[in-house]
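Here is a short briefing for a reader who is meeting this structure for the first time. Look over the sequence and the model, then read on.

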Amino acid sequence: MQYLLLQAIFLPLLLSPVAYYLGKKSGPNAATWFSFGILAYCTALVTLASLSGTYEEHYPWTQQFGEFGLVLDGLASPFAIIIYVISTVVVLFSKPYMVAKITAQYEEKMHAQKQVVGDGQTAMVESSSLKNYVNNQIGIYYALLLVMAMGMLGSILATNLIEFYVFFEVMLIPGFFMIAFWGYEAKRRVALLFFFWTHVGAVILLLGFLTIGFNAGSFNYADIQEHGIPHRLLALAAVAIIVGLGVKMAAFVVHIWLPHTYRAAPTPLNALSSGAMLGVGAYGFFRLLIALLPGEYAHFALFLNLWGVGTMLYGGIMALVQDDIKKFFAYSSISQMGYILFGIGSASALGLSGAEMLFVSHSLGKVILFMMVGAIILQVGTRSITKMGGLAGKMPITATCAMIGVLTLVGVPPTSGFMAEWTMFNGALQTAIQEGSIIRMISFGLGLIATVITMAYSLWMIKRVFLGKLPVHLENTKEANWYVTGPMMVLAGFTVVIGIDPDIFFNQIIPFMKGLVGV
Amino acid sequence: MDFSSLGFSASALNVWAIWILPFVGALVIPAVAKVSKKSPGYVAVAFALVSAISAATLIPLALHNQEIHNQIPWISSIGLKAGILADPLAAIMTNIVAWISLLIFIYSTGYMKGDKDLMRFFFWMSFFIGSMQLIVLSDNFLQLFFGWEGVGLASYALVGFWYRDKKKDHVGIEGRTVLGLLDYYSPTQAGMKAFIMTKVGDIMMLAGMFLIFAFAGTFGFKELAANTGWATAMSSQNLLIPAAILLFGGAIGKSAQFPLNEWLLEAMTGPTPVSALIHAATMVKAGVFLVARLGPLFFALAAAGISMDQFFEVITWVGAITAFLLATQGMVQTEIKKVLAYSTGSQIGYMMMALGIAGLSRQFVDGYTAGFFQLISHAMFKASLFMAAGSLLHVVGSRFMTDMGGLRRLMPKTYVFMWAAGLGLMAAPFITSGFWSKDAIFAAVYQSGNTWAMPIFIMAVITAVMTTFYTTRMIGIVFFGNKSKHVEHLEKEGYHIHEASPVMWIPYGILAALTIGVGVLGLAFERKLHNIFTAYLSSTFGIQSQVGAVATGSSQLLGGFLEGVNPIALVASLSAFAIGFVLGYIFYIGKFVDPAKFVNSNIVFYAIHKFFLNRWYLDALINWTFVVGPLYLARGAYRYFEDRVMEGLNLIPEKTMAGGARILQSTQTGISQSYLYVFGAGILIVVLLLFV
């Protein structure tokens, strides 16, 4: 078997025009199922490749940058699998949501035009042009989504700094357009804001890469470790990488782009971004800092740990007081990224494994929850938490899945969240004891307190959205259609399965992390 | 199917079945609910029955001091195994849980009849006992924690079962405030409070677990007991006692001990069978079980020269304070389930006190047996009381005792059973199990020889007086006197108040009868338990009991019958019962004095009454400190920090870029001459750079 990974990365890119064309000609169904098919196939390829341990592909590239390699090892495969699973599932969820959103935009546009032109058109023309408009737009949407998936997977599998950077930037562009085309409120402004921040992050990252690459004489990961680079330069490069990836992960202080973006972005993009894109930042920490610059990592580990705790607490506290449900989950995502950062800073094999597991777990949980948000926006038409209530009786499947999603975030067994959190906290405590570090002890304790905050804001959200009295204006709410509930149930089942049998991922993650930092 | 390939040992399958079956039942229930609306109840009962029968097969283990230990691979990458450990302790506990839950399940099929969410109800009930059995039978901390959070989750779902927050499902008096905060909780609020408050205990427990794991490298109870090197290492770093106390923190949360006791009251918003399950068989007993699991492990460290006195002191004091604190509040409640809830917390306090004092005395097994005996008798009478109270609520349609009254003739069976179980709670002398278990606790405390034995003993006795008083009061208000206005109103409307259906009264009848039955055989039962635990503790942990100094020792009071009863403890029990009962009788059965007038007669009584009714202001203070205050601060942080200061970070690049664009824009003049000048200047600069 050859070219498994090459296919998995480039098929979505190459076939994205087809998705557009299908959407334009045959409508949303064709585009949805075509995109679903491609991504499902590619997910299968990645999974297949990961079954036999480390899997590599190498292709010649330019002289300056080194080779174009794709590696799926114990670190990359959980990331790769989850990112593609999420992308695949989001394709289905996108259909009802985006059709409704595009239709709404069309009506808005028509309304605006009518006011300018005056009522002259017949209803028939309007309905046929609405169909064309939706088909065209949904085609563009799926083409962009495929490109985004490709960008995310590419950065995970890359074996070369420049390769990483290229893919890293590629995934921003579809995001920018999605917000600008189908966002809410000040969508253009926010799209620019999003692009500006993540781009600045990426450029800082690039500076770090260039420092390393020029000094090592190669951009290949494999070559870099063998070259002695002056410590001062390396430290600079490490700082650049930490800041660049920190922006991507929306850690505290540089998180400020995220709430705006999440509020304005269409919900499927929220799901993709929170479930997959932020994870690329986390992956970067493992691959570029811990694996590539272990010496620097040792210096910065404590800082990352504390930064993580700060982000956990700050995001959680902000989430407590949000009313817009999308912003609520934006802060919740920030807080969860804090967890991952906390684990990354734990400097122990178990802690790092837990951090990676937390990415898996958070992706599953948060995508379920964003689907819930989508379902609510579709069915209820409001985003304000105070205007909801008692929806569990009307949307039982959504409510049940959302509850599982919440338990995953909080880390209650038997969800995957618990497997992630106990290993992570356990690892953090081990390091604290070994180093005899009081600061690490305190950070461990604060981390545990942050889990209580997570629980408080999550359960409070569930209470305000799904429980209590049903407001009169929600009497006629119906359960979301199965494009939404189906994927939700699959993911909910998945998180429980991982929670009971974590070996599915731990078997790959833990040996890798042990190799990385010793036992 | 061949289970042995997975590591299941054939002889251990019945043990696995005990906790797996309820979960299987839970998963089957949604499927069968599609077929028939009524089926969930029967399916749940069937699975509970098979699980209980499997549990019964473990009784010989307890009697012969044997154990079954079986492990299967779990998280193989770090070498963790899942396993079951059925030793005498677990064997006894699992039977209590299984049989009492079975009765509660049967009762539920009557109580919940006609509810449209039967599927959800029985799903969570099954999940609840599955999780509890998982706690009991786990052989390691991590797996135990699955059950631990499972009962938390189930309690959250069941306490908030009536999630529509109708007025009748609330707890408290509408509009009543304490320190400016409502003392009136809706089911969903109560569920959330229960889950979050116990989670606070859970994170402490996690921290304790991890501390031990960091040194021992294992979560297994047997491994920890076998090699105590970890304990030596930990105690040399002064981490052992903190770790043990953190573990106990989990028990504080789950068992609603001070200072995490406030969730238990609001948990009364759940359907009554849920309250019965939480209070008698699962949830709050989980904490006691954890202490029973860990107590000997830590006590046995004395052999390695490590003193765990501080740990046991904390347990004892937490237990004593809780017992006292909650009993005081139990005396002033008007809602029947709240009286019972306070009494549970208080009784659990007794158990903790006994288990704690065990570790402080030379005779570990005495306190240990006493605590566990109390657990058993409490499980029986409290389940019975709750189910009987459920019948009352069901029939009268109000949670307030003041809406009942004079029900003695209308519901004779419930009346009799409530007396029987109530006498158990009051510890009525010689005929109830509650008497012997409480007496054993008094004796254990009194004989412990600890510095603090006397104050704790006195607190325990005063608590016993209050217990008898509030139980008598409850029975008096509900069954004696005149019918309340509410009852008269019901009857006027043509509603006939009648005895509950047999499917409901038989379960609590059985338990009430058992309370008396075990009571009559009390001493023999206690001695048997004592023997079982003596054998278990010595063979598993090497804790030897000193022959001759046993609590059931040498007094010759009342001839041979009471041989082995500590006279002082006996006198204390008897007088506590007598005082409490007489006081209760005067106020509520004989009605010689009007309690309301009595309280209002004097500012001191009034103040004390109000203080108790306001829950010692603890709930309000906790709410202010951990909910209202922080939320207020969080809003401020959002408004003034996140939305102003941090937002500035967005504005800086935006403003700079917009400003920069404006400056650059001004160069776009459209005048070719100026462009040419700049072009020329550019060439000049390049030339200079190249040649100079």
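Strand β3 (residues 171-178) of chain B pairs with strand β4 (residues 181-185) of chain B in the antiparallel sense, over 4 bridges. Strands pair if DSSP finds at least two bridges between them. Helices (H or I, at least four residues) and strands (E, at least two) are DSSP runs, numbered from the N terminus.

This is a predicted model: local features need pLDDT of at least 70, side-chain atom pairs count only at pLDDT 80 or more, and totals for chains, interfaces and linings use all residues. Residues are numbered from 1 along each chain as its sequence is written, while chains are lettered from A and ligands numbered from 1 in the order in which they are written.

- Gly172(B) stands opposite Tyr184(B) in β4(B).
- The hairpin of β3(B) and β4(B) has 2 residues between the strands, and Leu179(B) takes a positive phi near 50° there.
- Strand β1 (residues 68-75) of chain B pairs with β2(B) over 7 bridges, in the antiparallel sense.
- In that pair, Ile68(B) stands opposite Ala86(B) in β2(B).
- The hairpin of β1(B) and β2(B) has 4 residues between the strands, and Gly79(B) in the turn has a positive phi of about 70°.
- Strand β2 (residues 80-86) of chain B is mostly covered, with 5 of its 7 residues buried. Buried means that 20 or more other C-beta atoms, placed from the backbone, lie within 10 Å of the residue's own.

**Chain A overall**

- Chain A has 19 helices and 2 strands.
- The radius of gyration of chain A is 22 Å, close to the 24 Å that the globule rule gives for 519 residues, so chain A is as compact as a globular protein of that length. The radius is taken over C-alpha atoms, and the rule is 2.2 Å times the number of residues to the power 0.38.
- Along the principal axes, the C-alpha atoms of chain A fill a box of roughly 75 × 55 × 40 Å.
- Of the 519 residues in chain A, 63% are buried.
- Helix α18 (residues 482-500) of chain A has 19 residues and should span 27 Å at 1.5 Å a residue; its end C-alpha atoms are 26 Å apart, which agrees. The expected span is 1.5 Å times one less than the number of residues.
- Buried residues of α18(A) include Val484(A), Met488(A), Leu491(A) and Phe494(A).

**The nonpolar core**

- The largest nonpolar core has 452 residues. Such a core is a set of buried Ala, Val, Leu, Ile, Met, Phe, Trp, Tyr and Cys residues joined through C-beta atoms within 7 Å.
- Helix α16 (residues 364-396) of chain B gives the largest share of this core, 21 residues.
- Ala383(B) lies in helix α16 of chain B. Ala383(B) is buried, with 32 other C-beta atoms within 10 Å.
- Ala383(B) and Ser275(B) are 108 residues apart in sequence, but 8.6 Å apart in space, C-alpha to C-alpha.

**Where the chains meet**

- In all, 36 residues of chain B are in contact with 35 residues of chain A. Contact means that C-beta atoms, placed from the backbone, lie within 7 Å.
- The elements of chain B that give two or more residues to this side are α6 (141-159), α7 (187-216) and α26 (618-667).
- α7(B) gives the most, with 13 residues.

Key:
Contact = placed C-beta atoms within 7 Å. Buried ≥ 20, exposed ≤ 12 C-beta atoms within 10 Å, placed from the backbone.
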